[in-house]
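Please read it alongside the coordinates.

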Amino acid sequence: MQGCNFQLSSSRSPWLEPRMSSIGFQAATHRGYFLGGSGLCRLKCRVQCSQLWQSTSLVNNQKEKDRYSCIDQSTSYLHVQSLRNFPTGKLCGEVVMVRLDSALLLGHLGPCTFSLERALLTIKYLYKARAKVIIVTSWDTTLQSNNPEVKSIDSFAEYLSSLLQVEVIPVDGGPGLTSFKKEEWVQNSIILFENLLNFRGEVANCNDFSQKLASGATIFVNDSFSLSHKILASTVGITRFCYASLAGFHFDEELTRLIKITDTTRHPYIAIVGGGNFLRKAPALRMLISLCDGLFFVGKLSFQIMKGLGMPVPSQFIERNAIMEALQIIQVARDRNVPIYYPTDLWCLNNDNCGTSRVVNSAGQLDGWTPADIGPSTLEKISSIIPLYKKILWIGSTKYDLAEEFSVGATQLGQILEKASFDSCEVILVGNAACNTLRRKTGSSSQCIEFKNATVVWEFLKGRILPGIAALDKRYPYRIPWSTVFCDSTLPLVVDIGSGNGLFLFEMAKRYECSNFLGLEMNEKLVIRCLQGMALYEKRNLYFVSTNATSTFHSIVSSYPGRLSLVTIQCPNPDFNKEQNRWRMVRRMLVEAVADLLQTNGQVYLQSDVESVLLGMKEQFLSYSNGQLVVDGDDCGHRMENPFGVASDWERHVLARGAPMYRTMLRKV
């Protein structure tokens, strides 16, 4: 049987001939250390089912979604387009703005660290690709007072020049290329803008400031991962004015490491959690108790857990309103049979004589003493249980106050974990308190994964979307199993962008069995309904994906074994109140992806009931396709007939009220 090819032989002839379709981890119990399983039966206060982290209805609802989707929607935003995967040829001659982390550049004035090397590689890579590079960053008064390199923008530019071995030209005054002479650009490819903290629009994420900052730039590269939890003009607002927003090499590496924190493929997995402010960290602790096979609480957090377990704790160490959160976490640990550990002894300072210290039993009387750090017995216990685990997360300080002289416990814990990292254990250290404890010998390198900025990780563990990551362009998280989705994955592929309720594609799939049909739709609920309908009718030449096709089209369609023969965009919703959003579906990135993947003589069908919307889409496809797309035949002033014999749901509605539809067909040459 000969497959159908979606191609018009003439503007008046039929478009095609239809063919009608006829094991859980169990730790040893040690008195005073293990607080899971039957040990919790002594609790008098039980947490109601309605107070648990996830209700049964939410779990069942998620299971229903998972039946029709292979994507974890809660973390799909983490899969971003990176500079590593962006075509190098598209960088040449483009103005690329790079957001750097000044703390990363200036925090290590000694030997070059791995993170710094990755950040510098981003700039060198763009420079080698012959892109016109603009660097934007910010530095606070602390960095400026401790580092002579940031006394002024000129000295900072000199410092960057020495690191990159390329001359960096500083631009004083407001950001934007309006104040830079074009003849200077020809001689120098790297420009440094003024400190962004000098402008109010940066922290306010001002739309006007973002537009001015992005003026002249076409591509944005974010390499400042430590600011991912903040909404800034230079990390979020700027992405609205660049056609491509990518992750730099350092950002990409840090994001990969971040995802590893919630990866549970390595078991058993234990988290050592310290610091204070239990109530604020409660959502993150609930996440950890659901992921890990054990939790060891240190620092001020341990007092809240001990109180929840009915142990005597001085009132001055108890956080107000935190008891219910602690009980909830304890209940989840009991339900999952997960052990919870806490310190058995503490280094304490005498309140009357600050120079006096001693080891005190954590369950004993602490009157007159102030906890400073975990004690030797606690460290001994940690050392004994660490070999039982294959993955370890340490986040938060072990100390109970700011006394630097009592950092022995943290230092020894760092040595214990560093040793474990060399014994094939995956160790993740989060925050300065954890990362600074590693005492490496000259020439040695730790195997631990390090995150200096703990705030980003805490926000991530709380389940919150990090704005700096969400603002970047997305890629599809997984490869679609085409041979499973379609009966014959070598047939020509038709992609409907913005497939809505799917009625158009359902009818097309019935009429034209010689092609495969793929619907891309942002509305997840509509996609689930379409997939449910597919299962009911058992169609094997039709599939739907919930995604933003504007940024994921290339990553999805590029893996298809067959050829892309047709792309349709029908009646996108125009936003006339905001000019920049009027055709937000059709952007340069989408047009370039379609033009690159479409087979020769393949077609793009555009349709709208608003003529200005059709003209806008047509103009962008012709402008950004680099001459690969032309108008196919005579579009008769955009009043051509529907070439498929199948009308979309909205098209029927428009025609029923006697209004016109505007259409055009483009072809790849």
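**Aromatic contacts and a parallel sheet**

1. The structure, which is a predicted model, holds 12 aromatic pairs. One of them joins phenylalanine 486 and tyrosine 560 in an edge-to-face arrangement, with 6.3 Å centre to centre and 85 degrees between the planes. Phenylalanine 486 belongs to the loop between helix 18 (482-485) and strand 16 (493-497), while tyrosine 560 belongs to the loop between helix 21 (549-557) and strand 19 (564-570); the pair therefore ties together parts that are 74 residues apart in sequence.

2. Both phenylalanine 486 and tyrosine 560 are buried.

3. Two cases of a charged side chain over a ring deserve attention. Lysine 391 lies over the face of tyrosine 269, at 4.7 Å from the ring centre. Arginine 588 lies over the face of tyrosine 243, at 3.9 Å from the ring centre.

4. Turning to the sheet, 6 strands form an open arrangement in the order 3-4-2-1-5-6, with parallel pairing. Strand 3 (168-171) and strand 6 (244-247) stand at the edges; each has a single partner strand, so one side of each is left without a neighbour in the sheet. On average, neighbouring strands of this sheet are turned by 25 degrees against each other, direction ignored.

5. Isoleucine 169 stands opposite isoleucine 191 in strand 4.

Definitions and conventions. Residues are numbered from 1 along each chain as its sequence is written. This is a predicted model: local features need pLDDT of at least 70, side-chain atom pairs count only at pLDDT 80 or more; totals for chains, interfaces and linings use all residues. Side-chain values use heavy atoms; hydrogens and water are left out. Rings of Phe, Tyr and Trp (its six-membered ring) pair if their centres lie within 6.5 Å; planes under 30 degrees apart count as stacked, over 60 as edge-to-face and the rest as tilted. Helices (H or I, at least four residues) and strands (E, at least two) are DSSP runs, numbered from the N terminus. Buried means under 20% relative accessible area, exposed over 50%, partly exposed in between (1.4 Å probe, protein chains only). A charge sits over a ring if NZ of Lys or CZ of Arg is within 6 Å of the ring centre and within 35 degrees of the ring normal. Two strands pair if DSSP finds at least two bridges between them. Axes are lines fitted to C-alpha atoms, for helices over the stretch in contact, and angles run from 0 to 180 degrees between N-to-C directions.
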